[in-house]
Amino acid sequence: MTLKNLIFPVYFLLPIFLGISHNALAADFELGYLAFERGDYETALGEWTPLAEQGDPEAQHNIASMYLNGIGTPRDPNLAVKWFTLSAEQGSVSAQYNLGRMHAMGDGIPQDYNKAVEWYTKSAKAGYAPAQHNLGWVYYSFQNYEAAFSWFSMAAEQGIVPAQTNLGLMYLSGQGVQQNDNQALRWLMLAAKQGDAKAQTNLAIMYADGEGVSRDLAHALMWLYILSLNGDVSGAALQEHLESTMSYNNVTAVRERASVCFHSNYQQC
């Protein structure tokens, strides 16, 4: 078996709507936020738009998110870019991240990796973990592995699970860092125990092949069962093969162990 490649070409952050405004019209901002929370999106947009036009960066961010995702208004990526840019220029790390993501993916606008790197870097240097992960991916895709490793490391330390998986795989392969089996296992295990399917798949392959760890078919099969409990059937072929090499009693014991691990939220693995 071959270890799977790095994951998530772009870490997709669900739209965040900021709930705090620091300007003199904070009460009006709060009215918009309360309307948004109860699903009255048109009222929220109506409350936030005048504030955005007056320069409030949180309101600018929020209406940009609404235009980007078509919430309370038809989807309009160009208006999203306009308002994200105004917010980003005032230091909103989330707006900077979203501009980077839109340019990286060509999300309703022409794909432009230079602009993606520009905005991701601003957000990442301010400590925004999703931007750190995505910037790592951009550098990885252009084979700048040392830069990719650096940004993945920052995101992983802040708890971004895909970054933890990617960091583990880079340690395992020695891309951008000296090869280190112990660090590879550490980061992949951390991500796997947070439910990351790619990390679980790679742990199964590592144990099945004895790559970076002692060969342990029971442990490999356990992670494949956990993968299937997560609704991912991509390991079915390897699972079937491993089952064929083990006794019925052993397979049953491994299946029970996987169930305990999964249903204990990975506390009893």
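In what order do the elements of the protein run from the N terminus on? They run α-α-α-α-α-α-α-α-α-α-α-α-α-α, and the secondary structure comes to 14 helices and 0 strands. Helices (H or I, at least four residues) and strands (E, at least two) are DSSP runs, numbered from the N terminus. The structure is a predicted model, in which local features need pLDDT of at least 70 and side-chain atom pairs count only at pLDDT 80 or more, while totals for chains, interfaces and linings use all residues. Residues are numbered from 1 along each chain as its sequence is written, and side-chain values use heavy atoms, with hydrogens and water left out.

The confidence of the predictor in each residue is given by pLDDT, on a scale from 0 to 100. The protein averages a pLDDT of 90, and 90% of the residues score at least 70. Over residues 8-15, however, pLDDT stays under 50. For residues 8-15 the model has 22 contacts beyond four places in sequence, a contact being heavy atoms within 4.5 Å.

Of the 269 residues in the protein, 48% are buried. Buried means under 20% relative accessible area, exposed means over 50%, and partly exposed lies in between (1.4 Å probe, protein chains only). The accessible surface comes to about 12,600 Å², of which 50% belongs to carbon and sulfur atoms; such areas come from the Shrake-Rupley method with a 1.4 Å probe, and for residues only the protein chains shown count as cover. Among contacts between residues at least 6 apart in sequence, 50% join residues at least 24 apart.

The interior may be described through its nonpolar cores. A nonpolar core is a set of buried Ala, Val, Leu, Ile, Met, Phe, Trp, Tyr and Cys residues joined through side-chain atoms within 4.5 Å. The largest has 56 residues, and those with the most contacts inside it are Tyr120, Phe152, Leu203 and Trp223. Helix α12 (residues 217-229) contributes the largest share of this core, 8 residues. Another core, of 25 residues, lies apart from it and includes Trp48, Ile63, Val81 and Phe84.

Asp56 caps the N-terminal end of α3, where a side-chain oxygen lies 3.0 Å from the backbone nitrogen of Glu58. Such a polar contact is a pair of N or O atoms within 3.5 Å; within protein, one must be able to donate a hydrogen and the other to accept it, and residues adjacent in sequence count only if both atoms are side-chain atoms. Gly70, whose phi is positive, near 65 degrees, follows α3.

Helix α4 (residues 77-88) has 12 residues, so at 1.5 Å a residue it should span 16 Å, in agreement with the 16 Å between its end C-alpha atoms. At its start, a side-chain oxygen of Asp76 reaches to within 3.2 Å of the backbone nitrogen of Asn78. The buried residues of α4, including Val81 and Phe84, pack against α2 (41-53), α3, α5 (93-105) and α6 (113-125).

Asn98 is found in helix α5 and counts as buried because its relative accessibility is 8%. Not counting residues up to four places away in sequence, Asn98 touches His61, Leu68 and Phe84. Leu135 has its place in helix α7 and is buried, with a relative accessible area of 0%. Leaving aside neighbours within four places in sequence, Leu135 is in contact with Val117, Tyr120, Thr121, Ala124 and Trp151. Leu135 and Trp119, 16 residues apart in sequence, have C-alpha atoms 9.4 Å apart in space.

The backbone also deserves attention. Most residues other than glycine have a negative phi. Gln143, in the loop between α7 (129-141) and α8 (145-157), has a positive phi, near 65 degrees. Gln143 counts as exposed because its relative accessibility is 59%. Asn265, in the segment after α14 (248-263), has a positive phi near 55 degrees. Asn265 is likewise exposed, with a relative accessible area of 54%.

Conventions. The expected span of a helix is 1.5 Å times one less than its number of residues.
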